[in-house]
Amino acid sequence: MSDHRDDFIIALRYALLKKGAKQKFSLFFLISLSILIIGLDKISLPLIKTTRAILNDLVYQVSFVASTPGKFLDYLNNTKINHFNIVSKNNILKDEIEELEKDRYESLFLKTENINLKQALQLSKTRDTEGATSIMARVILEQNSPYLKSLSINKGKKDGIIKGMTVFSKNYLIGTIIESNYLTSRVLLITDLNSKIPVIIQETDINAILVGDGKKTDLTLEYLPDNYVLEANKAIFTSGKDGFLATGLPVAKTYLNKKNKIKVRSLADPQQAYIVYVTSGNVNN
Amino acid sequence: MNIIQNIKNFFLNNLAILIFYYLSFSTFEGFKEISDITIFAFNLQMIIVYLYGLKFPDYLGNGHIFLAGIINDVVIGIPLGVSSLSYLVMSFITSYVREATLRSKMSAEWIAFIPALFFSNLTYFIIVNNFSHLSFYYIELLQNTFFTFLFFPFFYYFFNYYQTKILKINA
């Protein structure tokens with residue numbers, strides 16, 4: 001029994017401390033170093049933040065190049081799909097529908113706002129995004145891991161992007177900036193589990209929180225009133241109650257799925273975004 | 001001619017390290033690249049760490065594992081050092097299994113991959129849960145871990161063949 005325990009301890013010690021013929025570091029040293037880095041990253045000292053930002057910029061650039069073969073596969077796949085569709089006609093119709101949808105959502109929002117204002121005259125905290133700067137950026141990396149649904153874009157602090165800014169693709173909200181480096185930034189997509197947006201439902205004064213589902217475009221509405229029944233084909237807008245997202249941005253809409261259940265779907269497909277627009281929203285307000 | 005030969009030798013001898021770094025830099029997740037079969041995502045880094053730690057430890061250094069883990073953390077956007085620690089835990093268990101094994105057998109090594117994956121992922125969960133505010137996609141992670149385990153034999157034979165038949169190294 002004692003011999004067996006000794007053997008176990010010897011094997012453990014050997015695995016931790018012994019360096020192989022070509023190994024420069026022992027496992028014990030590297031594990032300790034990893035724990036130290038995790039601790040330092042958690043503390044978030046200014047020096048660590050700067051180092052991480054530089055490291056992020058470097059890695060994102062290399063990562064952009066490294067993910068090119070994968071993107072090429074995507075490109076081939078898309079080309080194949082497009083070949084079987086009538087591309088030009090489809091695109092023209094899509095644009096028309098998008099314009100009409102945009103107009104419809106704007107009018108629907110105005111209608112909703114009008115009803116609400118009539119009901120509650122004290123609603124004075126509407127926020128104005130006029131004059132907000134819009135920065136065009138390109139998606140360099142799409143991270144769809146089990147941990148974080150995010151995008152990396154090729155604009156950073158150098159271009160005036162700061163944490164909390166809102167990101168749009170084709171006029172629809174797709175996420176917010178959660179990390180801003182000097183040359184690049186990371187966007188947390190609205191489809192991520194960690195994304196929580198205060199919203200209002202069309203033609204009602206019902207407030208809720210729109211939460212990502214981790215799926216491609218599916219979202220969930222949380223904190224709805226107990227007796228409220230969600231209806232299909234209702235637009236969902238930002239309520240601006242979080243203080244940094246502008247009021248009235250169309251984000252999602254409800255629909256009836258194949259199993260006759262009401263679901264919520266994002267208006268934009270964040271995974272298809274290539275060119276995005278970053279706006280200050282109410283960050284500076 | 002000599003330079004080309006040297007470059008060729010470099011690539012051949014360091015294939016595992018190059019693949020390992022490439023995987024960390026890119027967002028490769030197995031068959032997830034093909035849009036119709038996203039369910040089959042798996043973690044090739046874990047397979048490489050385990051396989052090389054077990055069979056060819058001199059061809060994938062712990063320093064490379066550590067560095068690739070840091071890069072992976074930056075790309076994914078989780079706290080720095082988490083992937084490194086997770087890979088090093090895997091490497092530690094692999095070293096222990098290597099020392100405790102008398103006769104190498106694929107089926108035994110495949111089964112030993114289960115506790116290695118378990119402890120490695122456990123380290124990951126504990127740190128991400130306690131050192132960040134991120135939420136998990138548990139089902140995706142479970143699927144990922146399951147398919148990592150399932151695809152192990154394929155890569156076992158592939159890398160084994162490469163190292164023993166092409167590079168002519170004894171496992």
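Author: The discussion below concerns this structure, which is a predicted model.

Reader: How many residues does helix α3 of chain B have, and what is its reach from first C-alpha to last?

Author: Helix α3(B) covers residues 44-55, which is 12 residues. The helix reaches 16 Å from its first C-alpha to its last, close to the 16 Å expected at 1.5 Å a residue.

Reader: Why is α3(B) described as largely enclosed by the rest of the structure?

Author: Because 11 of its 12 residues are buried, α3(B) is largely enclosed by the rest of the structure. Among the buried residues are Q45(B), Y50(B), G53(B) and K55(B).

Reader: And what covers them?

Author: The cover includes helices of chain B, among them α2 (15-25), α4 (62-76), α5 (82-100) and α6 (106-131). Helices α7 (138-150) and α8 (152-166) are also included.

Reader: Turning to the largest nonpolar core, which residues have the most contacts inside it?

Author: This core has 90 residues, and those with the most contacts inside it are I174(A), L210(A), I236(A) and V251(A), together with Y50(B) and L88(B). The largest share of the core, 10 residues, comes from α5(B).

Reader: What does L88(B) touch, leaving aside residues up to four places away in sequence?

Author: On that basis, L88(B) touches L27(A), L30(A), I31(A) and S34(A) in chain A, and N62(B), I65(B) and F66(B) in chain B.

Reader: Finally, how many helices and strands are there in chain A?

Author: Chain A contains five helices and 12 strands. Of its 285 residues, 34% are buried.

Key
Residues numbered from 1 in each chain as written. Chains lettered and ligands numbered in written order. Predicted model: local features only at pLDDT ≥ 70, side-chain atom pairs only at ≥ 80, totals over all residues. Helix = DSSP H or I, 4+ residues; strand = E, 2+ residues; numbered from the N terminus. Expected span 1.5 Å × (residues − 1). Buried ≥ 20, exposed ≤ 12 C-beta atoms within 10 Å, placed from the backbone. Contact = placed C-beta atoms within 7 Å. Core = buried A, V, L, I, M, F, W, Y, C linked by C-beta atoms within 7 Å.
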